[in-house]
Amino acid sequence: MKIVAALRVKNEEWIIGYNISALSEFVDEIVLVDDGSTDATLNIAKQFKKVSAIHVNKPKNDLDIDELRDWNKMTELAIKRSADYILFTDADEVIEPLIKTKIHELVKKKHILLFKFRKVSPWKGLSRLRTDDPRYDRRAIDSFNPVLVKVTKDLKWKSTRGGFLKRLAKLILRGEKFKPNYGRSLPHINESAIECRDDIVAVHFNNIDHNRLLKKQVYYALREKAMRPNKNFEEIIDWVARGWSEENITFKNFNKIWLWDKYVDLIDFKKKQKD
């Protein structure tokens, strides 16, 4: 079984070396879709032997973001590399070392087309795991990515925003833009063909640095207002503020076994993000 990892990236020089180093331990090849990086992301990625294909988008503007397009492009690149399974992931989320021994067990389950994993987010460093909100400690059943998908002839990502007519109605009634286009699903896969693995953990590193966290949430606010002008500022502010608020916050210890120890030095914890 050939396993190809597929990454969607943009300005990820602070984490991309760690991610690709870890992936190189257990996948056969890696393909990337870049959404217009202006930093050293692609130069770093090209140094790894297992990175076999890179597609670079050239966004026309800040709203020229299409998650559905990118995930289908990653699928296309992986299939061209003769993938039997595709591990879809973001640059700032890395599955724990346990996957190295478990992945061959997973791909032997021919009736399972989609594997989902638990995802955790260490908070402002690598000692604490935030637990007061499911977005920081997300069960596999509720997680969107990373996911391991079996390649079938009908493998294609579909929009959760609906088809052209539904999006046109949203544009007319609410002023919602066609882009950014977020949300994707695999409607050809039913629940009986999905396996949720809470015993295998992916670490989401976006919240390890406070400055990066704040900048990301401001970016989300600007994008949300541009995409959904019907939303008032108070709604958007409340929505993004939940991402950095420490009101009623609770923690437990972050488990260091989830880290690839020999590559941790490749993470630049304080690098300024350029999104």
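**Exercise 1.** Find which residue of strand 12 Glu93 stands opposite.

Solution. Glu93 faces His204 in strand 12. Next, take the strands around this pair: strand 5 (residues 93-95) and strand 12 (residues 194-204) run antiparallel and are joined by three bridges. Two strands pair if DSSP finds at least two bridges between them. Strands here are DSSP runs of E with at least two residues, helices are runs of H or I with at least four, and both are numbered from the N terminus.

The model is predicted: local features need pLDDT of at least 70, side-chain atom pairs count only at pLDDT 80 or more, and totals for chains, interfaces and linings use all residues. Residues are numbered from 1 along each chain as its sequence is written, and side-chain values use heavy atoms, with hydrogens and water left out.

**Exercise 2.** Determine in which sense strand 6 pairs with strand 12.

Solution. Strand 6 (residues 114-120) is parallel to strand 12, with seven bridges between them.

**Exercise 3.** Describe how helix 6 and helix 7 pack.

Solution. Start with the geometry: the axes of helix 6 (residues 210-227) and helix 7 (residues 233-241) are 9 Å apart, at an angle of about 150°. Axes are lines fitted to C-alpha atoms over the stretch in contact, and angles run from 0 to 180 degrees between N-to-C directions. Angles under 35 degrees count as roughly parallel, over 145 as roughly antiparallel, 65 to 115 as roughly perpendicular and the rest as oblique. The two helices are therefore roughly antiparallel.

Then list the contact (heavy atoms within 4.5 Å). Helix 6 gives Gln217, Tyr220, Ala221, Glu224 and Lys225, and helix 7 gives Phe233, Ile236, Trp239 and Val240.

**Exercise 4.** Locate Pro146 and Lys124 and describe the backbone at each.

Solution. Pro146 is in the loop between strand 8 (137-138) and strand 9 (147-150). The peptide bond leading from Asn145 to Pro146 is cis, with omega near 5°. Lys124 belongs to the loop between strand 6 and strand 7 (128-130). Although Lys124 is not glycine, its phi is positive, near 55°.

**Exercise 5.** State how many helices and strands the protein chain has.

Solution. The count is seven helices and 13 strands.
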